[in-house]
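This report describes the fold of one protein, from the whole chain down to single residues. Please keep the sequence and the structure in view while reading.

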Amino acid sequence: MFISISTTGTAERPATDLGFLLHKHPAKVQRFSTAHGVAHVFYPEATDTACTAALLLEVDPLALVRQGRGKGRGGSPDLALAQYVNDRPYAASSLLAVALRTVYRSAMKGVCEQRPGLAEHPLPLRIELPAVPVGGAEGGATAMVGRLFEPLGWSVDAAAVPLDSAFPAWGDSRYAKVSLTGELRLADALQQLYVLLPVLDGAKHYWVAPDEVDKLLAAGQGWLADHPELDLITRRYLSRRWSLTRLAMERLALARLAESDDREAEELDNAVDDVPETETGSAVEAVQAETATVAVAEKPQPLAVQRREAILAALAETGAARVLDLGCGQGELVGALLKDARVTEVLGLDVSSRALSAAARKLRLDRMSERQASRVRLVQGALTYTDARLKGYDAAVLSEVIEHLDLPRLPALEFAVFGSARPTAVVVTTPNVEYNVRWETLPAGHVRHSDHRFEWTRAEFTGWAEQVAGKYGYTVTVRPVGPLDAEVGAPTQLALFRLDNPASEGSATR
């Protein structure tokens with residue numbers, strides 16, 4: 001198994017800088033042990049104008065068979081079945097990808113302590129792979145190589161290897177001789193090879209476990225999310241394990257949203273509380289305050305339940321059959337809507353992939369009947385951006401959502417919901433900050449949840465609701481939710497928006 005990496009240079013920037021980047025001296029032949037054999041690194045040429053580093057992986061077939069018996073983390077069942085006739089000791093595949101990561105680990109990270117800053121410069125690179133297996137490729141082996149590498153800036157020269165040059169009528173094999181030319185950072189080139197070699201093969205020599213998602217996202221940082229063959233790469237790298245593929249796609253989508261918001265992914269993916277029940281402190285007190293039980297009539301009832309019932313009652317007034325739950329969290333409202341026979345479709349949207357996963361588990365989407373499952377869909381998205389998936393619905397719910405946005409971003413949400421999606425009705429709930437003095441566990445001056453960016457008085461919320469309604473052609477009524485206090489009002493406030501002329505709006509959008 002063989003791969004060479006070549007570059008050119010000048011007297012001012014010698015090509016032998018490649019040795020510093022790879023952390024391998026051009027004057028030495030070095031040997032490295034791997035789980036499946038021995039890797040050798042040597043330099044066929046090393047001058048100021050041209051330098052080539054070659055990696056030769058000698059695979060031990062017996063070690064390969066021993067490691068590949070049965071399922072589990074130790075090996076691949078495909079390899080165990082094919083132990084007698086096996087191309088893996090010879091063709092560039094996941095074995096070579098693992099060897100690259102083992103031998104060139106520092107180079108793959110872009111670390112070069114001896115020459116600070118050198119790893120950040122793109123180099124004119126040429127990568128040669130004499131035999132690359134390409135499995136299940138539409139359009140042939142050479143077409144697949146181009147689809148994967150050309151969008152990354154590589155010029156690809158790929159030629160199919162014949163089954164037997166003595167018998168041309170037999171046609172081509174599933175192998176390709178590949179040459180890649182481009183100007184990239186060496187670290188980027190190695191990361192791309194680490195991911196795409198097993199993708200081309202369509203198989204791995206070891207059992208694919210959940211930690212492969214972390215490896216894929218780490219190696220694909222900066223290039224994978226925007227690749228036109230993202231779905232194909234993710235699916236084949238994870239050996240078509242659909243649960244892992246879905247997880248990887250969700251994390252990539254979250255990373256894109258975080259980047260567009262100039263925030264960390266962890267900040268957005270915070271809808272599922274990580275605070276253990278045994279802990280104490282402001283975070284728990286905030287949750288207690290928000291979910292505290294209050295006495296209503298003769299039966300105590302949590303405020304969250306009262307809020308949900310108020311939302312369902314408001315939706316019933318509108319007669320909505322197709323409903324959006326925007327910021328659906330862990331799916332409590334979605335579950336309640338599915339129990340209402342009048343509701344024919346529910347779309348739950350949240351920026352947090354963890355919340356959506358929790359919602360799917362709570363709703364038992366994987367166990368639903370086909371008819372019930374057709375009524376519900378959970379999708380990831382940000383409410384500060386317009387989204388064509390949200391158009392055409394009867395009603396939208398923003399339950400305890402707006403207070404999680406920074407105030408300067410609130411107009412973007414207003415336009416995305418009221419201006420672009422334009423459902424016939426919108427229900428918005430938010431805390432009444434005046435009521436906070438009634439929460440004994442909430443310190444004075446604190447908001448109810450650590451992630452709340454603001455909390456409004458009744459006058460502030462009513463003023464906002466009327467301004468939005470007037471701007472986007474809705475009428476609005478504001479009502480209290482929860483026990484009504486004569487001095488500070490109710491703990492939650494609800495606004496019901498109705499489109500002024502839904503008939504003409506519907507005809508205009510059809």
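How many bridges join strand S1 (residues 2-8) to strand S4 (residues 50-59), and in which direction do the two strands run relative to each other? There are 7 bridges between S1 and S4, and the two strands run antiparallel. Within this pair, Thr 7 stands opposite Cys 51 in S4.

## The protein as a whole

The model discussed here is predicted. The protein contains 19 helices and 16 strands. It has 510 residues, of which 47% count as buried. Its accessible surface comes to about 24,600 Å², and carbon and sulfur atoms make up 52% of that surface.

Contacts can also be described by how far apart the two residues lie in the sequence. Among contacts in the protein with a separation of 6 or more, 70% are between residues 24 or more positions apart.

## The open sheet

S1 and S4 belong to an open sheet formed by 7 strands, in the order S2-S3-S4-S1-S5-S7-S6, with antiparallel pairing. The edge strands are S2 (30-34) and S6, each of which pairs on one side only. On average, and ignoring direction, neighbouring strands of this sheet are turned by 15° against each other.

Ala 54 lies in strand S4. Its relative accessible area is 0%, below the 20% limit, and therefore Ala 54 counts as buried. Leaving aside residues up to four places away in sequence, Ala 54 touches Phe 2, Ile 3, Ser 4, His 40, Val 41, Phe 42, Pro 44 and Tyr 104.

One of these contacts, His 40, is 14 residues from Ala 54 along the chain, and the C-alpha atoms of the two residues are separated by 8.0 Å.

## Helices against the sheet

Helix H6 (residues 141-149) lies across S6 and S7 and runs at about 160° to S6. Helix H7 packs on the sheet as well, where it touches S1, strand S5 (123-133) and S7, and its direction makes about 15° with that of S5.

Which residues of H6 are buried? They are Ala 141, Met 144, Val 145, Gly 146, Leu 148 and Phe 149. These buried residues pack against strand S6 (155-162), strand S7 (172-184), helix H7 (186-201) and helix H9 (230-237).

## The contact of H7 with H8

Two packed helices are described by the angle between their axes and the distance between the axes. The axes of H7 and helix H8 (residues 211-219) come within 9 Å and cross at roughly 140°. The crossing in which H7 passes H8 is left-handed. On the H7 side, the contact is made by Gln 191, Tyr 194 and Val 195, while H8 contributes Lys 215, Leu 216, Ala 218 and Ala 219. Sorted by class, this contact has 5 nonpolar, 1 polar and 1 charged residues.

Apart from residues up to four places away in sequence, Gln 191 touches Met 108, Ala 218, Ala 219 and Trp 223. Among these, Ala 218 and Ala 219 belong to the H8 side of the helix contact.

How values were computed
Residues are numbered from 1 along each chain as its sequence is written. This is a predicted model: local features need pLDDT of at least 70, side-chain atom pairs count only at pLDDT 80 or more; totals for chains, interfaces and linings use all residues. Side-chain values use heavy atoms; hydrogens and water are left out. Buried means under 20% relative accessible area, exposed over 50%, partly exposed in between (1.4 Å probe, protein chains only). Helices (H or I, at least four residues) and strands (E, at least two) are DSSP runs, numbered from the N terminus. Contact means heavy atoms within 4.5 Å. Two strands pair if DSSP finds at least two bridges between them. Axes are lines fitted to C-alpha atoms, for helices over the stretch in contact, and angles run from 0 to 180 degrees between N-to-C directions. Accessible areas come from the Shrake-Rupley method with a 1.4 Å probe; for residues, only the protein chains shown count as cover. A crossing is left-handed if the near helix is turned anticlockwise from the far one by less than a right angle, and right-handed if clockwise. Ala, Val, Leu, Ile, Met, Phe, Trp, Tyr, Cys and Pro count as nonpolar, Asp, Glu, Lys and Arg as charged, and the others, Gly among them, as polar.
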